[in-house]
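Thank you all for coming.

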Amino acid sequence: MKRRFLRQLLQITTIYYTFASVAINNSMYKRELSLGYLTGSIFNLLKKKLQKDFKHGGYDLKIDVFPILNRLYDQDGISQQTIADWFQLDRHVISRRLDELEGQGFVQRKDDPSSRRNKLIFLTPYAIDNKNQIYLIVERVLDISMAGLQESQRILAIDFLTKIKHNLE
């Protein structure tokens, strides 16, 4: 549930953060209370905290490559194009992020037996061995971010973000 919340928050934040910077000529408008400003701020704070805690834990993972690693933990041995489709990003963007994950020892590219042009992306033993520790770091950050919220409030927050995401899809 925490991973799903983080994924959903990261997906919608980029769009809303853009709107937060738009000036609105309304005397009742308070930017600090707008959805765009709040989700953008939360995203930036989560990003900063996660990167700091990853680094403290011995991982140089950045927030833009972590979602790829997270999805590969669910299913590896897939093509770069499949990953690009999952995240709706260009192949070259995914390629650079995979280069970073490969350089850190988390993934390896192997030839696709069904196509000489494609490479399949696999988790390395290092990535598999460190999965639980990485997830503990993420869970700890999410617990900190939701401190003081009752379970019912957490569920409502996820429901709220999910509805906004669906409205915009």
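This is a predicted model: local features need pLDDT of at least 70, side-chain atom pairs count only at pLDDT 80 or more; totals for chains, interfaces and linings use all residues.

Which residue in strand 3 does Ile78 stand opposite? Ile78 stands opposite Ile121, where strands are DSSP runs of E with at least two residues, helices are runs of H or I with at least four residues, and both are numbered from the N terminus.

Residues are numbered from 1 along each chain as its sequence is written, and side-chain values use heavy atoms, with hydrogens and water left out.

Let me stay with the sheet, which is open and has three strands in the order 1-3-2, with antiparallel pairing; two strands pair if DSSP finds at least two bridges between them. Strand 1 (78-79) and strand 2 (107-112) stand at the edges, and each has a single partner strand, so one side of each is left without a neighbour in the sheet. Strand 1 is joined to strand 3 by two bridges.

Across strand 2 and strand 3 lies helix 5, running at about 125° to strand 2; here axes are lines fitted to C-alpha atoms, for helices over the stretch in contact, and angles run from 0 to 180 degrees between N-to-C directions. Helix 5 also packs with helix 4 at an angle of about 110°, their axes 9 Å apart. That makes helix 4 roughly perpendicular to helix 5, a term that covers 65 to 115 degrees. In this contact (heavy atoms within 4.5 Å), Gln80, Gln81, Ile83 and Ala84 of helix 4 meet Arg91, Ile94, Ser95 and Leu98 of helix 5.

Turning to burial, seven of the nine residues of helix 3 (residues 66-74) are buried, meaning under 20% relative accessible area, so helix 3 is largely enclosed by the rest of the structure. Among those buried residues are Phe66, Leu69 and Tyr73, and these three are also touched by Ile134, if we leave aside residues up to four places away in sequence.

What, then, of Ile128, is it buried or exposed? Ile128, which has its place in helix 6 (residues 125-145), is exposed, with a relative accessible area of 51%, the cut-off for exposed being over 50%. Ile128 and Tyr73 are 55 residues apart in sequence, and their C-alpha atoms are 7.9 Å apart in space.

Definitions and conventions: Buried means under 20% relative accessible area, exposed over 50%, partly exposed in between (1.4 Å probe, protein chains only). Angles under 35 degrees count as roughly parallel, over 145 as roughly antiparallel, 65 to 115 as roughly perpendicular and the rest as oblique.
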